[in-house]
Amino acid sequence: CIRYLGNWVKPLVRNNTAKSIIGPFCMLSPIFVFYAVLLCRGDVSGELADLREMKWVYPTRPTAWFYTLWNEMYIFNRVHFEALGDTLVLGTLCTRLMLSLLATVLNTIGAGAALSTPMNLDNELQRIGYMNMGIGVLGGNIVYPQMGMSVNMRIDG
């Protein structure tokens with residue numbers, strides 16, 4: 001469904017807004033089906049407890065405030081900032097930065113070639129940079145850009 005249903009359904013739909021919703025719907029449809037099956041079986045809370053025992057769903061996690069990550073992970077008096085001056089660390093950081101930039105540029109150029117309308121390369125790279133800075137500030141894993149979804153969304157309108 002995730003990969004093929006969208007390609008089968010999109011030619012049948014004429015509305016551009018509806019076309020843009022088909023892709024995300026196909027990506028989320030397995031989750032919808034999973035929870036629909038749970039709802040049809042009856043007691044959802046009891047079923048989830050059984051599913052946790054069978055390890056079909058993740059175990060419950062203790063709840064915490066959103067700033068807990070900052071309080072536990074970002075203790076700056078434990079950070080050895082002098083390690084950033086090490087040539088091996090600087091070389092590794094620069095190498096990763098250049099490889100990430102190269103991958104971003106190549107993906108963006110490839111995406112631009114796949115589209116009939118030109119892409120603003122500066123705008124695309126700037127958005128990816130802002131996205132990675134936001135993810136980094138919030139403690140997430142920095143991602144590499146994948147332009148396939150951007151191309152599909154742009155084609156759909």
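Surface patches are built from residues with over 30% relative accessible area and no salt bridge, joining like charges within 9 Å and nonpolar side chains (Val, Leu, Ile, Met, Phe, Trp, Tyr) within 5 Å. A salt bridge is a side-chain nitrogen of Lys or Arg within 4 Å of a carboxyl oxygen of Asp or Glu. Accessible areas come from the Shrake-Rupley method with a 1.4 Å probe; for residues, only the protein chains shown count as cover. The model is predicted: local features need pLDDT of at least 70, side-chain atom pairs count only at pLDDT 80 or more, and totals for chains, interfaces and linings use all residues. Residues are numbered from 1 along each chain as its sequence is written, and side-chain values use heavy atoms, leaving out hydrogens and water.

**View 1. A nonpolar patch lies on the surface.** Its members are Trp-65, Phe-66, Tyr-67, Leu-69, Trp-70, Met-73, Val-137 and Leu-138. Together they have about 960 Å² of accessible area. Helix α4 (residues 68-73) gives the most to this patch, with three residues. Helices (H or I, at least four residues) and strands (E, at least two) are DSSP runs, numbered from the N terminus. Met-73 lies in helix α4. Met-73 counts as exposed because its relative accessibility is 59%. The classes are buried (under 20% relative accessible area), exposed (over 50%) and partly exposed (in between), with a 1.4 Å probe and protein chains only.

View 2. Along the sequence the pattern reads α-α-α-α-α-α-α. Of the 157 residues, 15% count as buried. The protein exposes about 12800 Å². Carbon and sulfur atoms supply 65% of that area. A contact means heavy atoms within 4.5 Å. Among contacts between residues at least 6 apart in sequence, 45% join residues at least 24 apart.

**View 3. One aromatic pair is counted.** The rings of Phe-25 and Phe-32 have their centres 5.9 Å apart and their planes at 35°, so the pair is tilted. Rings of Phe, Tyr and Trp (its six-membered ring) pair if their centres lie within 6.5 Å; planes under 30 degrees apart count as stacked, over 60 as edge-to-face and the rest as tilted. Phe-25 is partly exposed, at 45% relative accessible area. Phe-32 is also partly exposed, at 46%.

**View 4. Ile-128 and Gly-129 sit in helix α6.** The helix spans residues 121-137. Ile-128 counts as buried, at 11% relative accessibility. Gly-129 counts as partly exposed, at 28%. For Gly-129 and Thr-104, 25 residues apart along the chain, the C-alpha separation is 9.9 Å.

**View 5. Zero disulfides are found in the whole structure.** A disulfide is a pair of cysteine sulfur atoms within 2.5 Å. Cys-40 is exposed, with a relative accessible area of 70%. Cys-94 is partly exposed, at 47%.
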